[in-house]
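Please consider the aromatic residues of the protein shown below. The paragraphs that follow lead through their arrangement.

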Amino acid sequence: MNTAISNNQINRLAVPAIIAGISEPILSLTDAAIVGHISINATESLAAVGIVSSFLSMLIWVLGQSRSAISAIISQYLGANKLNEVKQLPAQAMAIIITLSIGVCALTMPFSEAIFKFYNAKDLLLSYSVEYFNIRIIGFPFTLYTFAIFGIFRGLQNTYYPMVIALIGAAVNVLLDYVLVYGLDGVVPALNLKGAAIASACSQFLMALLSTVLLLKKTPINLKLALPLNKELPKFLQMIGNLIIRTLALNLALYFAASFATAYGTNYIAAYTIAINLWFFAAFAVDGYASAGNIMSGKLYGANQIKLLVELSNRLLKRALIVGFLMAGLGALFYSALGTIFTNEKAVLSEFYKVFWIVLLMQPFCALAFVFDGIFKGLGQMKTLRNVLVLSTILVFIPALFVGHYNNMKLHGILLAFTLWMIARGAPLVVKFRKQFLPQIQNH
């Protein structure tokens with residue numbers, strides 16, 4: 001049995017997870033960058049991508065929590081050397097996920113106009129948002145399916161295959177975006193915003209297909225649905241329930257932010273779209289170490305290796321902070337160039353440059369919060385994560401947002417509220433983790 005956590009062990013899981021994590025927001029980043037340069041109504045198209053991406057992120061993050069739940073269970077059973085006892089769980093979990101995702105598509109498509117009016121979209125922006133969403137939502141079930149399979153791979157201590165799948169999906173998305181948005185002379189017509197939506201849906205389908213093939217060929221897990229129901233299915237559903245409540249609180253924050261930015265005007269929501277997508281990109285980079293925490297903490301907890309668990313938390317935090325400061329440094333270095341990737345509109349760029357420094361400032365705080373998010377997911381302590389996020393949203397983010405709005409801070413107020421929110425999310429988890437596990441080490 002291991003008596004220490006090596007850097008190679010952490011990096012073997014974290015580095016592919018970082019690459020895979022960065023690939024996830026590339027779908028929205030690519031759409032934003034490409035439609036921001038189309039010749040017709042570029043600002044409205046960019047704003048539509050921002051609004052729809054906020055809503056889709058909410059849906060994906062709410063139901064995509066199956067990835068963390070299934071990863072936690074499988075990794076704990078792997079650590080206890082009892083993997084055979086949960087071999088039926090993945091297929092049963094996938095059946096639930098697929099059913100839920102199809103239900104979401106059926107419920108949201110007929111009401112897409114009402115949904116985006118709720119985000120303060122109107123006129124051309126509303127029309128573009130509805131058009132973009134009604135195509136993008138087709139890829140939603142494939143995304144949730146892929147996320148669930150990624151959770152299985154993570155539980156098995158494997159982040160390499162998710163990385164490969166994510167990279168291929170991102171590359172195909174970039175290629176299709178260029179072809180379908182701008183067109184090819186005499187071959188493919190320029191579909192503008194609609195083309196970006198089609199490109200994303202196609203790449204999501206491809207990733208689901210690749211995930212299935214690799215899972216069946218490279219792991220002992222099969223997806224054949226069989227009875228009886230696995231004994232861990234109720235625990236899986238309870239975990240998802242707590243994570244869904246948690247994620248609804250998270251997306252309440254994202255909804256308020258997007259809604260306020262939209263109300264301030266098209267230039268503001270377009271600038272916010274650039275800033276928030278770059279934040280997601282940097283956050284997913286840091287989240288690679290959170291994924292390693294999710295994967296390794298579950299296995300160590302299942303094997304009752306508490307000393308190694310505490311050592312893991314310290315090592316992950318140091319490395320995540322390095323990535324966080326690196327992301328902030330790169331953002332500062334390419335401060336002006338990053339905005340022009342997405343648009344040439346001077347009014348939009350002006351608002352973006354005024355606030356992007358706040359996105360960079362919050363990166364170390366994101367590192368702290370995400371690492372301990374991942375560790376607590378691996379421990380299966382979803383109730384703690386639920387409570388921390390709900391309270392930080394209600395007691396910190398929303399009051400800070402309204403204070404900023406009252407003082408006419410606009411995007412400054414929104415992004416400063418996000419910074420305070422990240423601090424409020426991370427600090428309680430550090431305190432609880434150390435309070436729970438440090439005495440166990442001292443008593444031995």
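Is F402 buried, partly exposed or exposed? With a relative accessible area of 40%, F402 is partly exposed; buried means under 20%, exposed over 50%, and partly exposed in between, for a 1.4 Å probe and protein chains only. The model is predicted, so local features need pLDDT of at least 70 and side-chain atom pairs pLDDT 80 or more, whereas totals for chains, interfaces and linings use all residues. Residues are numbered from 1 along each chain as its sequence is written, and side-chain values use heavy atoms, without hydrogens and water.

F402 pairs with F260: the ring centres lie 5.3 Å apart and the planes stand at 85°, so this pair is edge-to-face. Rings of Phe, Tyr and Trp (its six-membered ring) pair if their centres lie within 6.5 Å, and planes under 30 degrees apart count as stacked, over 60 as edge-to-face and the rest as tilted. Because F260 belongs to helix α10 and F402 to helix α16, the contact ties together parts that are 142 residues apart in sequence. Helices are DSSP runs (H or I, at least four residues), numbered from the N terminus. F260 is buried, with a relative accessible area of 12%.

Both residues belong to one aromatic cluster, whose members include F55, F116, Y255, F256 and Y268. In total, the structure holds 29 aromatic pairs.

Definitions and conventions
Helices (H or I, at least four residues) and strands (E, at least two) are DSSP runs, numbered from the N terminus.
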